[in-house]
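Have the viewer open as you read.

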Amino acid sequence: ALQAEEGVLRVRSTGNDPYFHRPLDLPGGGLRLELRAKSRGGGRGAIFWTTDRSPQRGNDKREPFDMVHDGRWHDYTVRFQVAGRLQDLRIDPGTAPGEIEIDSIRLVAERPHPLEIVRVEVADARVRFAVQNHAAAPVSFSTAGETYTLAAGGSVEIGRPVAGARPLEPVSLRIAVEGFPAL
């Protein structure tokens, strides 16, 4: 039984496989389900999905996750890959009878960071960082007050001096790309 009450979704499970689902039509790719819930049930949680390419649920479109059933609020994150368009999402909040309260459900599209530091070398009192663009389009980024634009698939080496004042010296490079966390 599902009931929206006082800002939460209350799930009362009377069987051993509680679930609810929702039809969707969203782009696939890397997705992340964020769930805030408290449970007095039992068992692992899971999500199932269907796509325009594969409209039946199955173990090939299933991602389990561990749930804590102590009656306290917990945050869960479930990452999964969808080939095609996401058509339906099913949430199984455990595998036993019990009461579950869900404060929020959020589905987030995850995009991989387009840049990668693929190599770090030390030579001639400098540290050289090789940065590769894995995106299919140019990417602009900034580091140490300079702005670079890397062509699709392109790479660049960025050097930073080593002072040489200590036997071991940290040298860092912070790369800022709009819309992504810093590298």
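This is a predicted model: local features need pLDDT of at least 70, side-chain atom pairs count only at pLDDT 80 or more; totals for chains, interfaces and linings use all residues.

Looking for aromatic pairs across the whole structure turns up three. One of them is W49 with F80: the ring centres sit 4.7 Å apart and the planes make an angle of 40°, so this pair is tilted.

## The largest core

Which residues have the most contacts inside the largest nonpolar core? They are L33, I47, W49, F65, F80 and I102, in a core of 19 residues. At least two residues of this core come from each of β4 (29-39), β5 (45-51), β7 (74-82), β8 (86-92) and β9 (98-110).

F65 is a handy one to click on. Skipping neighbours within four places in sequence, F65 touches L35, R44, G45, A46, I47, Y76 and V78.

## A second core around I158

There's also a separate core of 13 residues, with I158, L173, I175 and V177 among its members. I158 lies in strand β14 (residues 155-161) and is buried, at a relative accessible area of 2%. Beyond four places in sequence, its contacts are V127, R128, F129, V131, F141, T143, Y148 and L173. For a sense of distance, the C-alpha of I158 is 22 Å from that of P112, which is 46 residues away along the chain.

Two of those contacts, F141 and Y148, also make an aromatic pair: their ring centres are 5.1 Å apart and the planes are at 10°, so this one is stacked. F141 is buried at 2% relative accessibility. Y148 has a relative accessible area of 19% and still counts as buried, because the cut-off is under 20%.

## The largest pocket

How much space lies in the largest pocket? About 180 Å³. Its lining is made up of F20, H21, R22, L24, L26, L33, L89, I91, I105 and L107, which split into eight nonpolar, one polar and one charged.

β3 (20-26), β8 and β9 each put at least two residues into that lining, and β3 has the largest share with five. L33 turns up here as a lining residue and also among the residues with the most contacts inside the largest core.

Terms used: Residues are numbered from 1 along each chain as its sequence is written. Side-chain values use heavy atoms; hydrogens and water are left out. A nonpolar core is a set of buried Ala, Val, Leu, Ile, Met, Phe, Trp, Tyr and Cys residues joined through side-chain atoms within 4.5 Å. Buried means under 20% relative accessible area, exposed over 50%, partly exposed in between (1.4 Å probe, protein chains only). Helices (H or I, at least four residues) and strands (E, at least two) are DSSP runs, numbered from the N terminus. Contact means heavy atoms within 4.5 Å. On a 1 Å grid over the protein atoms alone, a cavity is a set of points where a 1.4 Å probe fits but cannot get out, and a pocket is an open set with protein on both sides within 12 Å along at least five of seven lines; lining residues have an atom within 4 Å of a point. Grid points are joined across faces, edges and corners, and a volume is the space filled by probe spheres set on the points. Ala, Val, Leu, Ile, Met, Phe, Trp, Tyr, Cys and Pro count as nonpolar, Asp, Glu, Lys and Arg as charged, and the others, Gly among them, as polar. Rings of Phe, Tyr and Trp (its six-membered ring) pair if their centres lie within 6.5 Å; planes under 30 degrees apart count as stacked, over 60 as edge-to-face and the rest as tilted.
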